[in-house]
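This report walks through one structure, site by site. The sequence and coordinates come next, followed by the notes.

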Amino acid sequence: MVGAAAVIAAALVLPALPSFGRFVVTAPAEFWIMASLALVVDVPLFGRGRQSEVWVRPTASPGLAIAILLVWGAAPGYLVQAAAAVVSAWGQPQGWLGGTFLVSRLVCALAAAEFAHRLVTPEPITSRGGGLTNEDLLPFLTLATTWFLVSYGLLLLVGATVWRGGLRGAAVRVRGELLRSLAQVLLVAPLLTVFTGWWDVLVALPMLIWNERTRDYLRSEERSRHEPVTGLLNHEGLQARLDELALYDPLRPYGVRPIGVVFVNVDATLVIGRSLGWDTHEKVIRAAARRLTDTFGPDRVGRLTSGGFVVLVPGLTEVDALAAATTAAQALQPAIVVDDIPFAADPVAGVALSPEHGRDFDVLAFRSQLAAGEARRAHQLAQVYVKQSQDEADRRIALLAGLRMALLDPRRHNEISVVYQPQVELATRRLVGAEALVRWTHPDWGPVAPGELLDAVEASEVMPLLTRHMLDRVVAQSRAWYEQGRPLRVAVNVSMHDLNDVVLPALISDTLHRYGLPPSCLAIEVTERLLVLDSARVLQTAEKIQQIGVALSLDDFGTGYASIQQLQLLPLAEVKIDKSYVQGLVHDKAKAAIVRSVHDLATALGMTVVAEGVEDAATASALARLPGVIGQGWHLGRPVPAAVFDEQWHRQSPGPT
Ligand code: C2E
Ligand code: CA
Ligand code: CA
């Protein structure tokens, strides 16, 4: 379409060159004034009129070109129009394609209008030496109508094929420019035909102002597509940029080249905001943004949620896509230094491709986030989206719905069971407690892996239901052991979600009362990974739990971002060192040193220390050298149902809790 219009326009302009050459040597001053105005009127006065629309471009030249055509004939008209359109298209983003179309479209419209005019006019104005009379009205209206039909017909045809929303959508998008063109052709053109010479400058002035206003509007629209903290594209801006890049799809000679939507997850920076204030967080985010724009260019980088950047990378293959995502993550890997403090952004990236994985920005952004999540789980820097991630998302939703039904229906409670894993003081091998872990066996799917289940449930509304159920089951079991004269401290896991809920302490004390269990026979584990340290609500909940007399234990220590000093903020009775530090500590001096120093600090602060994931005798005996340390792991005992736990442990007498 664009190609055909360009060929026709060239066929019109090139033959006009010789006669234009002859005209130019004798051209009057009035012509030069008008021609210069046509060239100047579209020059962006105050900065580049950054317009994101490729096809519709504001131009004020048609009015002047039509006037020139009426007064001096076709050849000067075509050439001035072509030259003015080139000026108007100059320096616009993606100029060559939109520019070519603008020039071709305006020249074709002018030529068609001239042809129609010649059909109905007895005597052209050119030969009469200016001025308009009543007889000129019909020919002029014919000219104007033809101009609109051809000019806007072309625009709508091209628009309907490349824009979403077809002809209707295209009509909406060209509405603004149509009003400008009406004024240009019906008002400016006849006025300038009558008033030639310096009068033109007076007429051109309002046009210049109008042009600038349109550009202002476009500029402010452009601003609304950026995000204030970093100046990067926001959601809307990214969407628009992706649509623009996709516009080239039908034009590419070798079919569609995928566009990569890369999502870089820097959730770790959220912790900075929570613990050091949002000012510092903003500085870190700005520095991170600069690194990405330095690598990919400002037009390609955006920011979605407070913890995620998006980079648009056109022209990719699947292999390049992974490389691009890796580059993005790598750019943020070196620590970001703000106020002399180095911060780790801990980036992972995921990438989804248009059109392979979707055309809609929201779909692609969601899928690239899924891929980033996969990368995080697999301990990789970046991953390309695979359909499977979507299947996994579907499966997660199914799991969630299934567990919710099972929890709400007492007849299905037998599907959900609790296993208990012993916690042993390593120096004495004395049983000091147990951790309760959920198990769910679905009637059709069989046993559901607890890690996968909890991943799905974590941030959902099902979490409080699960916590309530677990508390009830575990307190009942702990009461049974207590009654049998074998009191044992049993730990229940709660999520961040629960700790944010002020009703949790009341729920705990109610359950304890209902079963008549002393609070020392219950502990609550909360994982460090998800802990928000300075939330007043969390602190309040934690303090209330402590006041009840239930021990609060920090799970998975070392996987999050808190330091022991920060942990002092919470009323903690216990720290559980994550298994990643415990496993391999026998051969890894750094791990051994970390475990030792955490143990020293925690005991100095009056907390007990539990080492998780003790899988062999060597680890157990290495740890046993640390005074008072408690171990939990397969070497000491697997998680088992209460009855099995009884058999294995309660034949041996537990110590006081
Ligand atoms: P967690 O709290 O860190 O629980 C310890 C996990 O480590 C358990 O996995 C346990 O089976 C496993 N484990 C125990 N000893 C060893 C060992 O020596 N080596 C290794 N490699 N693993 C060991 P499980 O039962 O699959 O639970 C996974 C996670 O699910 C738990 O991690 C906990 O965060 C969560 N979870 C389990 N039950 C509940 C629950 O009732 N409520 C909540 N909120 N979360 C739960
Ligand atoms: Ca736990
Ligand atoms: Ca743990």
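A search of the whole structure finds zero disulfides, a disulfide being a pair of cysteine sulfur atoms within 2.5 Å. In general terms, such a link is a covalent bond between the sulfur atoms of two cysteines. Cys108 is buried at 10% relative accessible area. Cys521 is buried too, at 1%. Here buried means under 20% relative accessible area, exposed means over 50%, and partly exposed lies in between (1.4 Å probe, protein chains only).

## Basis of the model

This is a predicted model, in which local features need pLDDT of at least 70, side-chain atom pairs count only at pLDDT 80 or more, and totals for chains, interfaces and linings use all residues. Residues are numbered from 1 along each chain as its sequence is written, chains are lettered from A and ligands numbered from 1 in the order in which they are written, and side-chain values use heavy atoms, with hydrogens and water left out.

## The shell around ligand 1

Ligand 1 has 22 residues around it. Gln421, Asp555, Lys579, Glu615 and Trp634 come nearest. A residue counts as near if one of its heavy atoms lies within 4 Å of the molecule. By class, the shell holds 10 nonpolar, five polar and seven charged residues. Nonpolar covers Ala, Val, Leu, Ile, Met, Phe, Trp, Tyr, Cys and Pro; charged covers Asp, Glu, Lys and Arg; the others, Gly among them, are polar.

Several elements supply at least two shell residues each: strand S9 (430-442), helix H16 (450-457), helix H17 (462-483), strand S11 (489-494) and strand S13 (551-557). S9 gives the largest share, four residues. Helices (H or I, at least four residues) and strands (E, at least two) are DSSP runs, numbered from the N terminus.

## Polar contacts of ligand 1

A polar side-chain atom of Asp555 lies 2.8 Å from a ligand 1 oxygen. For Arg439, a polar side-chain atom lies 2.9 Å from an oxygen of ligand 1. Trp634 uses a polar backbone atom, 2.8 Å from an oxygen of ligand 1. The protein covers 85% of the 780 Å² of accessible area that ligand 1 has on its own. Accessible areas come from the Shrake-Rupley method with a 1.4 Å probe; for residues, only the protein chains shown count as cover.

## Calcium ion, ligand 2

Four protein donors lie 2.1 to 2.3 Å from the calcium ion (ligand 2): Glu435 (OE), Asn493 (OD1), Glu525 (OE) and Asp555 (OD). Their spacing along the chain is E-x57-N-x31-E-x29-D. Asn493 sits in strand S11 and Asp555 in strand S13, so this pair ties together parts 62 residues apart in sequence. Asn493 is partly exposed, at 26% relative accessible area. Asp555 is buried, at 6%.

Donors are N, O and S atoms within 2.8 Å of the metal (3.2 Å for Na, K and Ca); water is not among the atoms, so sites may look incomplete.

## Calcium ion, ligand 3

The calcium ion (ligand 3) is coordinated by Asp555 (OD), Asp556 (OD), Glu612 (OE) and Glu612 (OE), at 2.2 to 2.5 Å. The donor residues follow the spacing D-D-x55-E. Asp555 lies in strand S13 and Glu612 in strand S15 (residues 608-612), so the pair ties together parts 57 residues apart in sequence. Both Asp555 and Glu612 are buried.

Which residue bridges the two calcium ions? Asp555 does, and the ions lie 4.1 Å apart.

## Backbone geometry

Asp556 has a positive phi of about 55 degrees although it is not a glycine. Asp556 is in strand S13 and is buried, at 13% relative accessible area. Arg429, also not a glycine, has a positive phi of about 60 degrees. Arg429 is in the loop between strand S8 (416-425) and S9, and is partly exposed at 40%.

A cis peptide bond joins Ser354 and Pro355, with omega about 5 degrees. Pro355 lies in the loop between strand S6 (348-354) and helix H14 (361-377).

## Other pairs

The side chains of Arg489 and Glu574 make a polar contact of 2.7 Å. A polar contact is a pair of N or O atoms within 3.5 Å; within protein, one must be able to donate a hydrogen and the other to accept it, and residues adjacent in sequence count only if both atoms are side-chain atoms. Arg489 is in strand S11 and is buried, at 16% relative accessibility.

Leu64 lies in helix H3 (residues 61-72) and is buried, at 0% relative accessible area.
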